[in-house]
Amino acid sequence: MPSDAGNRVLIPIHGRLPSRPPGRTIWDFAGQSMGTDWSVRLVAPTGRTRAELQASIDDELAQIIALFSHWDPTSELSRWNAAPAGFWAVSEPFWSVLNAAMDLADDTDGAVDPTLGALVDLWGFGPPGTRTGLPTDEEIAAALSVSGWQSLRLNREARAAQQVGGMKLDLSGIAKGHAVDRVSERLTALGATSHLVEIGGELRGAGVKPDARPWWTELQAAPGAPGPRTLAALFDIAVATSGDWVRRFNVFGQTYGHTLDGRTGRPLTHGLASVSVFADTAMRADALATALMVMGPVDGPAYAEATDLAALFIVRTAEGMTEHLSPAMIAMMEEGAE
């Protein structure tokens, strides 16, 4: 365990023993994909080469871009967004993630919403590029009219989604975590059962290192966040952080973050600076971190407690930043305390 002097140490509680590492050598890989950096650390399995593992990682990331990139006009998502009104069949991998996003939309009463692409573009966070001013009320209303998870109809027998005309899906709030899971699962299938995968701050760890220690990571925190550094042992668990400082722009002295509330069509203004969430998969952690951000500093912690989510909230107040740990997060901290 790293020195806990001045640090908060978190240990996941899931009752499983770590699997034996497949070797004693750690290999590191890194690159860029989906507009962000990625890295992989793994215990090298017997009978595999670095080139083979690198090619497998690259292949998984390329498949995610081909499915879900709204920056690539040839991706399946971009083609669906550009399609005329009607039901359009989608591939099984696309359907699986879209269906998961819709289930989470239902569970969170729309705090997860995969249909906000028109609003994302309008506010300058999509392919059209950044804005120099604010959208008008009329522009927001027009984007809202082709948005909303309750307006997206799915035909499960045909594996098809209805394009109402002008609707734009945006799965970036779940696809990055899904990419982490895909890479992790591919590595496991290749025998690299002990690894740490990160894409743009979303992480998933499996197994332990050759010295039997877990993969340690420091949770991201909003600039100026109170409290100690938070170190987490990622043993067969994932973590994701959503924050208002990651992507934003300023107009007339006001800062607007990239996380949008589908109910208002506008960026969040409730003061929640960041949320970190632990879950069994990176896709779920990624989506729920965004959902809790949208819910805000009151409803977010209440939802985390009701659903037994391990979550850390950083809130901006008039007196400065404060933090809130869900009961499940506190349990992890207490388990890891010496």
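How many of the five residues of strand E8 (residues 202-206) are buried? Five of the five are, and the strand is mostly covered. The structure is a predicted model.

**Strand E8 and its partners**

- Both faces of E8 are covered. Glu-202, Arg-204 and Ala-206 are buried on one side, while Leu-203 and Gly-205 are buried on the other.
- Strand E7 (residues 195-199) runs antiparallel to E8, and five bridges join the two.
- Within this pairing, the residue opposite Arg-204 of E8 is Val-197.
- E7 and E8 make a hairpin, with two residues between the strands. Gly-200 lies in the turn and has a positive phi of about 55°.
- E8 also pairs with strand E11 (residues 237-243), in the antiparallel sense and over three bridges.
- Gly-205 has Ile-237 of E11 as its bridge partner.

**Helix H7**

- Helix H7 covers residues 282-306, and its end C-alpha atoms are only 21 Å apart. A straight helix of 25 residues would span 36 Å at 1.5 Å a residue.
- At Gly-296, H7 bends by about 135°. A proline, Pro-297, follows within four residues.
- After H7 comes Asp-308, which has a positive phi, near 60°.

**Nonpolar cores**

- The largest nonpolar core has 66 residues. The members that touch the most other members are Val-40, Phe-94, Ile-174, Leu-187 and Leu-292.
- H7 gives the most to this core, contributing 13 residues.
- A second, separate core has 21 residues, including Val-43, Ala-232, Leu-234 and Met-321.
- Not counting residues up to four places away in sequence, Ile-174 touches Val-97, Ala-100, Ala-101, Leu-104, Met-283, Asp-286 and Ala-287.

**Ser-326**

- Ser-326 sits in the loop between strand E18 (320-325) and helix H8 (327-336).
- Ser-326 has a relative accessible area of 0%, so this residue counts as buried, the cut-off being under 20%.
- The side chain of Ser-326 reaches the backbone oxygen of Leu-309 at 2.6 Å.
- Apart from neighbours within four places in sequence, Ser-326 is in contact with Ala-304, Leu-309, Ala-310 and Ala-311.

Key
Residues numbered from 1 in each chain as written. Predicted model: local features only at pLDDT ≥ 70, side-chain atom pairs only at ≥ 80, totals over all residues. Heavy atoms only, no water. Expected span 1.5 Å × (residues − 1). Bend = angle between axes of the 7 residues up to and from the residue. Core = buried A, V, L, I, M, F, W, Y, C linked by side-chain atoms within 4.5 Å. Buried < 20%, exposed > 50% of the residue type's maximum accessible area, 1.4 Å probe, protein only. Contact = heavy atoms within 4.5 Å. Pairing = 2+ DSSP bridges. Polar contact = N/O pair within 3.5 Å; in protein donor to acceptor, adjacent residues only side chain to side chain.
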